[in-house]
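This briefing covers a few local features of one model. Please view the sequence and structure below before reading on.

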Amino acid sequence: MAGGRITAVLGPTNTGKTHHAIERMLAHRTGVIGLPLRLLAREVYDRIVKARGPSVVALITGEERIVPERVAYWVCTVEAMPNEIGADFVAVDEIQLCGDPDRGHIFTDRLLHARGLIETMFLGSDVMRAAIAALVPGVQFSRRERFSTLTWAGPKKTSRMPPRSAIVGFSVENVYAVAELVRRQKGGCAVVMGALSPRTRNAQVAMYQNGEVDYLVATDAIGMGLNLDIGHVAFSATSKFDGRRMRHLFAHEIGQIAGRAGRHTQPGTFGVTGEARAFDDGLIDAVENHRFAPIQRLQWRNPALEFGSVERLLGSLEVAPQNEWLQRGREADDVIALKTLVELPEVRARLGHPSDLRLLWDVCRIPDFRSVSGTEHAMLLARIHGFLQDPGHVPSDWLAGQIARIDRTEGDIDALSKRLAFIRTWTYVAQRKGWVHDESHWRGETRAVEDRLSDALHTALTQRFVDRRTSVLLRRLNQKETLVAEVNDKGDVSVEGEFAGRLEGFRFRQDATSSSDEARMLARAAYEALRPEFHLRADRFYNAPDTELDFTEQGGLMWGELAVGKLVRGADVLRPSVEAFVDEEAGEDVAEKVRRRLQHFIDRKVATLFEPLLAMGRDEALTGLARGFAFRLSEALGVLPREGVAAEVKELDQEARGALRKHGVRFGQYTIFQQALLKPAPTRLRLVLASLWAGLETFPESPPPGLVTIPFLPDLPREDYTLAGYHPTGARAIRIDMLERLADLLRGQDSKAGFEAAPEMLSITGMTLDQFAQLMEGLGYRAEKGERIKTKPAAPAVVLPEPDPSGNPIPEEVSLLAVAEAAQAEAGAEAGAEAAQPEMEVFYTFTWAPRPRFARPDSHTRREGDQPRGEGRARGNRPQGARSAAPAAEGVAEGAAPTAPVEGAADARPPRTRRPEGPRRGKGGAAAGKDDAAQGGKPPRGRPQGGGKAEGERRREGKPGGKPYEGRGGKPAPRRDETPRVFEAHPPREGKFDPDSPFAILAKLRDQK
């Protein structure tokens, strides 16, 4: 860029260089300032925002981007400085980092190319004077002197370290060890490291600046412009790992760090502590007088990269500088990543255009914030590059999964620090334009995760290295001051800004990390401060709508996700009581208000869900036996097994039953119930109320809604299934209302002669045929399994061509040709049918097989050749037979259909239906179709369906006990020792077609065409 005036402002620390540059930038219409650290960039951004407002100030770092519409001033890290924006003023801070082995080439590039239209300023140490003069023509120098003196104080033990001291280490382990020592000896310290987020760093610095702690333990990050009130700087080590090797600190690096002592006009001192060796006199003199050897070489990398091919790009990165002041820096992380990725075949295959290579280079420049192995970092970059190639951005669901694994605030300092490093990668990706689908969303999302992790890390650092909570609370309590408690939306309780525990509903759960003495003090302070909060929360709860409250299947009472009470046994099964979960410290008024609200809720819930049952209990029209039966049904919460009240049901007359039916009571064959109470919501509450009344410790849970059958577990009481609205039948339990519908269908079947499952039976139960057979066995039926040839569809008829619209007759040869083609197709189908194996199907025949009340010889078996009861001829030349009946019932369910279709016979002929008959009167004149007409669990007698041949048709397969009958055409049915006949649509043809037939002649004519 063409520039105006260029100035190099050089001098030691504490000379106000950065402050001077900010003032100069604000004197121009637009400006850009590049800073060495993200932490320092955030600090300068906040200062400029206070001066000019947020609408004109932008912040750009690798992981943060705030750019308003009317931006005038740009605060950036040096790497993120925008190019070619035409700002009036440009400044680069800490320009001596041109000699840094890792980042030096970036600062050198800014020194050589970054220019403002009106003014350019470079800020740094005197060691850069010669290099700047040689590389920047026309530069003007301005030296600034230190505002205060800096003096060597010698070695000091940690126990003798003066207040307002900073102890510097050069590894995370060293910093944590020193901080733990300071906490034990001095009560606590703040921690500042370059890896911390600005939010965590600011919180730690604020704790030091406010005087809550008097000591600071930090890495060399404090040497880069962080302005703190430090009186003494102590080095706990004098060597560090620079990313490649351990090396001793350079003299100007020691001077940069030591210069943080003595801010503005206050004098400062520096020294060593721990195992660090004392400085020699020459180094001490250089630091005190700010005289250091000048930098002889600046790190440089070719900025003119070529993207024509991979080889040309790598070659341009390895170009050597032509100036003696410049030297090619060591291989940076982005170049190492590039060389790794281009060796991968899947990456190499995607590099078909220079734009693809440029995109790969941009991906390689993602810093390794995680500090993992180079191979692992390269694999992550390859994954991101693949996404950017196809589909063109990082998929939102994949990115959400990566962030979700990081978004956890539990764990120790190391775990939180690692997650912070990991989220910085995705924050960087979200800041790149076009790399994610919704940039603003993901920038906000990653920032929010970083903020949460930063807060958690600050809290973890404080808890580990500062005894802050105890000191603050004790000081306020001893001074008789009122403590301020706050409860956030998650229920976290903080007292005077310190985490004290969590308020769960109306119970305070204290932080378990406190010692016993501290816990007592903390509880005292928290309850004293929470008393107003209890009353406010109780008022909100009392006025909350019922939609915010609910009960659990174990009898708990919830307010949203907060447990506020539980149900207990009351005076009646339909009137449970409540027990509120309220701490004694909240007061009796709060507890009573919560208790009343919970009681109102459950009373209304019972009144709503059990309204039919309660209305029946209030009906004064019910008298006598009907009222007594209604009471029994109310005790059973609307679901009553019939077998237990069979005698009472028998005593109810039709008038009493009609009065009960008006309240939705259904007298089913197996269960007497109110249909409305089988819905999921009443069922769920019924299980809870019944369990409370029975005094159970663990309540049975209601099955998921919509299931017709569920497994029957013998370990569970049958009463639990009844309360859940199910009736156990064998290995499964079926829903009560569906069982009654099935009973209606079974009632129309000939259960003594045998019948097959109709499709509607399987549809009602939602079962396969085998499962239905097990269900029927559970109901008292015998299921006999068999196989038969599956019925095939009839052969298609011959379709002749349509007549000519003009009325002309169809040519004879055309008609003969159609007939010939049909005959050939039929012959081919028959030949295929003869060659293929017949398709078989499985069927079950169900017969009523109730369990006898006492043993009788041969009660369940029949000798071969015996005539079954009901077969043969009866009065009026009609066959006698047992009328169809359902199993083990006191009576027949109401609403039963008088007739039902009979399943197809063994020869697969269509089923016959019985003509409608009127109900047969039994003893006492009661109708046979009513629920009180059955006799002692035996099937009622009646006529079989399908006429006199129904029994014989079911025994055409030669089943034992069958009797021959006269079928169609007078052909007798085969006996048991005979081979069953197999019926086919057409008899097999013998011989071949006559070659002289008209059909053969027509076929030959067709083939010749």
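In this predicted model, Phe-422 touches Arg-370 and Ile-406, leaving aside residues up to four places away in sequence. The points below take up that residue, then a strand and its partners, then the cysteines.

**Phe-422**
- Phe-422 lies in helix H15, which spans residues 413-431.
- The relative accessibility of Phe-422 is 26%, and partly exposed covers the range between the buried limit of 20% and the exposed limit of 50%, so Phe-422 counts as partly exposed.
- Ser-371 is 51 residues from Phe-422 along the chain, and the C-alpha atoms of the two are separated by 9.4 Å.

**Strand E16**
- Strand E16 runs over residues 268-272 and is mostly covered, with 4 of its 5 residues buried.
- Strand E9 (residues 150-155) pairs with E16 in the parallel sense, over 5 bridges.
- Val-272 in E16 is the bridge partner of Phe-235.

**Cysteines**
- The structure holds 0 disulfides.
- Cys-189 has a relative accessibility of 0%, so this residue counts as buried.
- Cys-364 has a relative accessible area of 2% and is therefore buried, the cut-off for buried being under 20%.

Conventions. Residues numbered from 1 in each chain as written. Predicted model: local features only at pLDDT ≥ 70, side-chain atom pairs only at ≥ 80, totals over all residues. Heavy atoms only, no water. Buried < 20%, exposed > 50% of the residue type's maximum accessible area, 1.4 Å probe, protein only. Helix = DSSP H or I, 4+ residues; strand = E, 2+ residues; numbered from the N terminus. Pairing = 2+ DSSP bridges. Contact = heavy atoms within 4.5 Å. Disulfide = S-S within 2.5 Å.
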